[in-house]
Amino acid sequence: VRLPAYLSYPVEHAPKFTDSQHSASAGERPKTGSGCRWWARVLPMHVSSTQGVVVALHDLGGDGPPLIICHATGFNGRTYEPFARLLTGHHHVWAIDFRGHGASTPPDGENFDWGGMVDDLLASIDAIGGGPVFAIGHSLGGATVIGAAHRRPGSIERAYLYEPIVMPREWERAEGDNRMAGPARKRREVFGSREEALMRYASRTPLGVLRADCLAAYVEHGFV
């Protein structure tokens with residue numbers, strides 16, 4: 001299996017679906033309390049965003065006001081499926097794959113400016129009724145939730161943000177090498193199997209600190 005190109009930087013390949021993901025009709029929703037393996041058969045909603053991006057928005061079920069889970073850089077929405085099970089008794093839970101992540105396509109010209117992530121989130125909010133929505137944002141996801149609330153006041157009802165990345169604007173255009181991009185380019189792209197990838201990640205930081213079911217979801221949905 002191959003790690004999607006967004007994790008090896010830059011993006012070179014659009015993600016692909018597995019056969020198991022085609023076994024359920026689009027829009028079919030899981031029952032509240034369903035396990036991660038059942039959810040793996042649900043096709044996402046496809047949402048058009050800017051720069052030619054088609055966003056994958058995953059319906060994780062539940063009842064109540066809409067809540068969107070916004071993932072960290074290098075993750076994908078379905079990594080948070082085990083966590084979502086705790087929320088479906090109070091919310092209708094959705095999880096977004098930002099451009100170039102998970103089952104979403106990369107942008108034209110491989111421009112990953114974070115403003116495009118905000119476009120993805122706002123397009124997804126529009127696709128499920130226009131908001132306001134509750135949101136959970138992790139790292140990049142937290143910054144994107146802030147950006148959406150700033151650009152379109154009233155789109156976010158309430159948010160929980162974990163380690164949101166908020167930088168001064170002048171840092172976005174800083175000259176010189178990006179110290180985070182260099183190590184990202186060196187990440188291993190190809191594994192013989194998902195099992196091999198899971199064992200490698202579980203044996204070292206930072207992914208080794210994840211709860212086992214969340215790490216399994218990350219590996220299951222993070223490779224093509």
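Reader: Which residues is Cys-70 in contact with, leaving aside its neighbours within four places in sequence?

Author: Contact means heavy atoms within 4.5 Å. With those neighbours left out, Cys-70 is in contact with Ile-96, Phe-98, Leu-121, Ile-136, Gly-137, His-138, Gly-141 and Val-145.

Reader: What kind of model is this, and how are residues numbered?

Author: It is a predicted model, in which local features need pLDDT of at least 70 and side-chain atom pairs count only at pLDDT 80 or more, while totals for chains, interfaces and linings use all residues. Residues are numbered from 1 along each chain as its sequence is written, and side-chain values use heavy atoms, with hydrogens and water left out.

Reader: Why is Cys-70 called buried?

Author: Buried means under 20% relative accessible area, exposed means over 50%, and partly exposed is in between (1.4 Å probe, protein chains only). Cys-70 has 1% relative accessibility, so Cys-70 counts as buried. Cys-214, at 16%, counts as buried too.

Reader: How many disulfides are there?

Author: A disulfide is a pair of cysteine sulfur atoms within 2.5 Å. By this rule the count is zero.

Reader: What makes a set of residues a nonpolar core?

Author: The members are buried Ala, Val, Leu, Ile, Met, Phe, Trp, Tyr and Cys residues, joined through side-chain atoms within 4.5 Å. The largest such core has 22 residues. Ile-68, Cys-70, Ile-96, Phe-98, Leu-121 and Ile-125 touch the most other members.

Reader: Which elements supply at least two residues each of this core?

Author: Helices (H or I, at least four residues) and strands (E, at least two) are DSSP runs, numbered from the N terminus. Strand 2 (54-59), strand 3 (66-70), strand 4, helix 3, strand 5 (133-138) and helix 4 each supply at least two residues. Helix 3 gives the most, with six residues.

Reader: What makes Arg-99 and Asp-120 a salt bridge?

Author: The term needs a side-chain nitrogen of Lys or Arg within 4 Å of a carboxyl oxygen of Asp or Glu. For Arg-99 and Asp-120, the closest N and O atoms are 2.8 Å apart, and the two form a salt bridge. Arg-99 lies in the loop between strand 4 and helix 3 (114-127) and Asp-120 in helix 3, so the pair ties together parts that are 21 residues apart in sequence. Both residues are buried.

Reader: How far apart are the closest N and O atoms of Arg-152 and Asp-126?

Author: They are 2.7 Å apart, and the pair forms a salt bridge. Arg-152 sits in the loop between helix 4 (140-151) and strand 6, and Asp-126 in helix 3, so parts 26 residues apart in sequence are tied together. Arg-152 has a relative accessible area of 29%, so Arg-152 is partly exposed. Asp-126, at 41%, also counts as partly exposed.

Reader: Where are Arg-85 and Asp-213 in the chain?

Author: First, the bridge: their side chains meet in a salt bridge at 3.7 Å, N to O. The pair links distant parts of the chain. Arg-85 is in the loop between helix 2 (81-84) and strand 4 (92-97), and Asp-213 is in helix 8 (residues 212-221), 128 residues apart. Arg-85 has a relative accessible area of 31%, which means partly exposed. Asp-213 has 27%, so Asp-213 is partly exposed as well. A search of the whole structure finds seven salt bridges.

Reader: Why is Glu-163 called partly exposed?

Author: Its relative accessible area is 48%, so Glu-163 is partly exposed. Its phi is near 50°, a positive value in a residue other than glycine. Glu-163 is placed in the loop between strand 6 and helix 5.

Reader: Is Ser-139 buried or exposed?

Author: Ser-139 has 16% relative accessibility, so Ser-139 counts as buried. Its phi is near 55°, a positive value in a residue other than glycine. Ser-139 lies in the loop between strand 5 and helix 4.

Reader: Which peptide bond to Pro-132 is cis?

Author: The bond from Gly-131 to Pro-132 is cis, with omega near 5°. Pro-132 is in the loop between helix 3 and strand 5. A cis peptide bond also joins Thr-205 and Pro-206, with omega about 5°.
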